[in-house]
Every structure is written in C-alpha cells, then in structure tokens.
Amino acid sequence: MSELEPPSPPPGFRLFALTVKELIGLDLTSYNPRQLYRRLEHQLSRVGCRDLAEYAALIRRDRRRAEELASFITINVSQFFRDPHLWETLADPLRHYVLDELPARGSRPRLRAWSAGCSVGAEAYSLAIFLTELHLPVTFHILATDVDEEALKVAAAAVYQERELAGLSDKRRREFFVPQGEAGWQVRGDLRKTVTFRRHDLLRDQYPLGMDLILCRNVVIYFTPEAKQRVQEALARSLRPGGLLFVGATESLIEPGSYGLEPIAPFLYRRSRP
Ligand SMILES: C[S@@+](CC[C@H](N)C(=O)[O-])C[C@H]1O[C@@H](n2cnc3c(N)ncnc32)[C@H](O)[C@@H]1O
C-alpha cells in the first residue's frame with residue numbers, strides 16, 4: 001500500500017466511531033486515519049480488548065474509559081514556549097498590529113487572543129507571559145480551549161512539575177510562577193486571571209469571533225486534509241481584519257489567500273483587510 005493511499009479501517013471501525021461520537025462527541029473520522037488506526041490498535045492492547053466491538057461495549061459501560069480514550073486519541077503533548085525562535089517572530093507583527101489597529105477601538109483597548117487546542121495550558125500561559133513582557137499599551141484576555149476535559153482540568157489548576165517547565169528560563173520561572181513544594185510550580189494568580197479555559201471542539205462547535213490573535217499549533221496535524229482545511233478556514237473567519245494566526249512549526253496552510261490569510265513570517269499569517 002502506498003503512503004498516500006488511505007489505509008483500510010480496522011474491522012468494526014464505523015460502528016466504533018459512531019459510539020464514540022454518541023458518547024463523547026468526538027468525530028474520529030476527521031482524524032488522520034494512519035495515525036488514528038495505529039493508536040487505536042495500541043489502545044486495544046492497553047485496555048485488553050480483542051477488537052473494536054469489545055472496546056465499544058467497554059466505553060458504553062464505563063464513562064471514564066470513554067474519557068480516557070479521548071485523551072489518548074487527542075495527544076496532549078505540549079510545553080512552554082514551544083519552538084522559542086518562532087515566538088520571537090511573533091513580537092514585531094503583534095506590536096505593529098496593536099499600535100496601528102487597536103487605538104481605533106477606544107481609549108483602553110483590549111487584545112483578544114485564543115489558544116485553540118491548548119492542551120494542559122502551557123501554550124496559553126506562555127502567551128500570557130509573552131504579552132506581559134511585551135508591555136503593549138493594552139489589556140489582554142486569552143480564551144484557551146480544548147476538546148479534552150482532563151487536559152483542561154490540569155490547565156485550570158496551573159501547577160506544573162519541574163520537567164514540564166524545561167522550556168522556561170530561570171528568570172521567567174521566578175517571575176511568573178510560585179513554588180508549591182512537592183506539587184511543583186503554579187502560575188502566578190494575576191496571570192491565571194487573564195486566561196479562561198473552556199471546552200471547545202474545533203471539528204463541531206461554533207467558533208468565537210473578533211479575535212486579534214489565534215494560536216492553533218500542533219492540533220490540525222492530527223486531522224484529515226479536509227478537516228484541516230475546514231478548521232483553518234474557520235479560524236481565519238474568527239480573526240478581525242489584520243489579526244494574526246500563529247501555527248505549529250511543521251504546519252503550512254494550502255492556498256491561505258483563498259480564505260483571506262496572507263503569510264507574513266514562517267508559520268504566521270495575517271487576516272487580509274477587505
Ligand atoms: C499536541 S497538543 C498541542 C498543544 C499546544 N497547542 C502545543 O502546541 O503545545 C494537541 C491538542 O489538540 C487537542 N485537540 C485534538 N482534537 C481536537 C479538537 N477536535 N478540538 C479541539 N482540540 C483538539 C488535543 O486534545 C490536544 O490537547
């Protein structure tokens with residue numbers, strides 16, 4: 001079989017996907033089949049089921065098993081300031097946007113940002129730190145969403161272990177985190193207040209509008225090309241004209257111009273003005 005041909009689904013997949021959709025609302029058919037089938041196979045042996053029919057019965061009986069499956073499929077790997085060099089390329093375009101576009105919105109303009117697919121919150125809090133350090137003449141609010149409720153619970157608690165903070169300089173750790181002994185380090189209270197976490201499924205929920213900045217990084221890589229395109233088009237519509245979309249270091253948008261985005265730096269796009 002060629003790498004380009006979609007692999008055949010494992011026996012019982014259609015019914016299994018319907019069960020998952022019904023129980024937790026996750027649309028498995030929009031995920032990259034090659035990765036998905038491999039992960040499902042791995043998961044079957046982890047939970048000790050012979051096939052997907054048996055697994056469907058298990059998640060029907062036990063809701064926790066269904067949520068555990070969601071976490072497994074959606075892959076929560078994340079870190080603070082992932083790809084630090086790319087964060088640096090965000091500073092200037094953002095500064096220009098704030099200085100040139102936001103004053104038109106009154107005397108105390110507020111920047112609205114969205115971390116879409118925020119996982120355990122590292123991306124959203126990195127953004128809060130980044131915006132604080134930029135000292136822009138605005139207040140800001142970050143909406144941070146994910147489909148995985150377990151990841152969102154970790155995000156809201158905002159307590160991270162030493163190894164999860166590996167990407168942070170000592171200066172940032174001292175300034176923006178409070179030590180919690182054995183438990184790890186918690187994001188400072190005032191910074192936590194700038195972020196609101198909420199469950200949102202990029203494949204089926206309505207998108208918020210009027211965003212100035214969207215981070216959607218390392219999320220659509222798990223989707224089929226069609227789902228990826230749908231999500232990226234919808235993200236573009238969520239941005240105000242001039243607003244910025246920051247994507248992951250392995251992602252590129254196909255024909256971004258056709259849905260109103262222009263590339264302005266590697267992995268950074270701007271919503272065109274009408
Ligand atoms: C690899 S993590 C990326 C986290 C962060 N954006 C980063 O780059 O470090 C992918 C996240 O996408 C989320 N995700 C997967 N499918 C999703 C969907 N349909 N809607 C919203 N989030 C989704 C997963 O739950 C997971 O937390």
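Mentor: Start with a term. Two strands pair if DSSP finds at least two bridges between them. Keep that in mind for strand S8. One caution as well: this is a predicted model.

Our part is strand S8, residues 239–247. Is strand S8 enclosed by the rest of the structure or open? Count the buried residues. Buried means under 20% relative accessible area. In strand S8, 7 of the 9 residues are buried, so the strand is largely enclosed by the rest of the structure.

Now look at its partners. Strand S8 pairs with strand S10, residues 268–271, in the antiparallel sense. That pairing has 3 bridges, which meets the cut-off of at least two.

Strand S7, residues 211–216, is another partner of S8. Here the sense is parallel, over 5 bridges. Find Met211 and look across to S8: its bridge partner there is Leu239.

How does the chain link S7 to S8? Helix H10, residues 225–238, belongs to the picture. S7, H10 and S8 make a right-handed β-α-β unit.

Next, the side chains. Side chains of opposite charge can pair when their charged atoms come close. Arg240 forms a salt bridge with Asp212, and their closest N and O atoms are 3.3 Å apart. This pair links distant parts of the chain, since Arg240 sits in strand S8 and Asp212 in strand S7, 28 residues apart. So S7 and S8 share bridges, and this salt bridge also joins them.

Are the two ends of this pair buried or exposed? Asp212 is buried, because its relative accessible area is 0%. Arg240 has 27%, so Arg240 is partly exposed.

Lys153 and Glu150 meet in a salt bridge of 3.2 Å, N to O. Both lie in helix H7, residues 149–157, and they are 3 residues apart, about one turn of the helix. Lys153 is exposed, with 54% relative accessible area. Glu150 is partly exposed, at 34%.

Helix H8, residues 170–176, holds a further pair, Lys171 and Glu175, which are 4 residues apart, about one turn of the helix. Their closest N and O atoms are 3.5 Å apart in a salt bridge. Lys171 counts as exposed at 53%. Glu175 counts as partly exposed at 37%.

Stay in helix H8 for Arg173. Arg173 counts as buried, because its relative accessibility is 10%. Set aside its neighbours within four places in sequence. Arg173 is then in contact with Glu162, Leu165 and Trp185.

Now step back. A search of the whole structure finds 16 salt bridges. The domain assignment gives domain 1, residues 13–74, and domain 2, residues 84–271. How many salt bridges are there between domain 1 and domain 2? The count is 0. The two domains do meet, though. Their contact takes 13 residues from domain 1 and 13 residues from domain 2. Between them they bury about 1,000 Å², with 50% of it on carbon and sulfur atoms. On the domain 1 side, Ser30, Tyr31 and Thr74 lose the most area to domain 2, together 40% of what that side buries.

Finish where we began. Go back to strand S8 and trace its pairing with S7, then with S10.

Methods
Residues numbered from 1 in each chain as written. Predicted model: local features only at pLDDT ≥ 70, side-chain atom pairs only at ≥ 80, totals over all residues. Heavy atoms only, no water. Buried < 20%, exposed > 50% of the residue type's maximum accessible area, 1.4 Å probe, protein only. Helix = DSSP H or I, 4+ residues; strand = E, 2+ residues; numbered from the N terminus. Right-handed = clockwise from strand over helix to strand, strands pointing away. Salt bridge = Lys/Arg side-chain N within 4 Å of Asp/Glu carboxyl O. Contact = heavy atoms within 4.5 Å. Domains from an automatic or database assignment. Buried area = accessible area lost by both parts, 1.4 Å probe.
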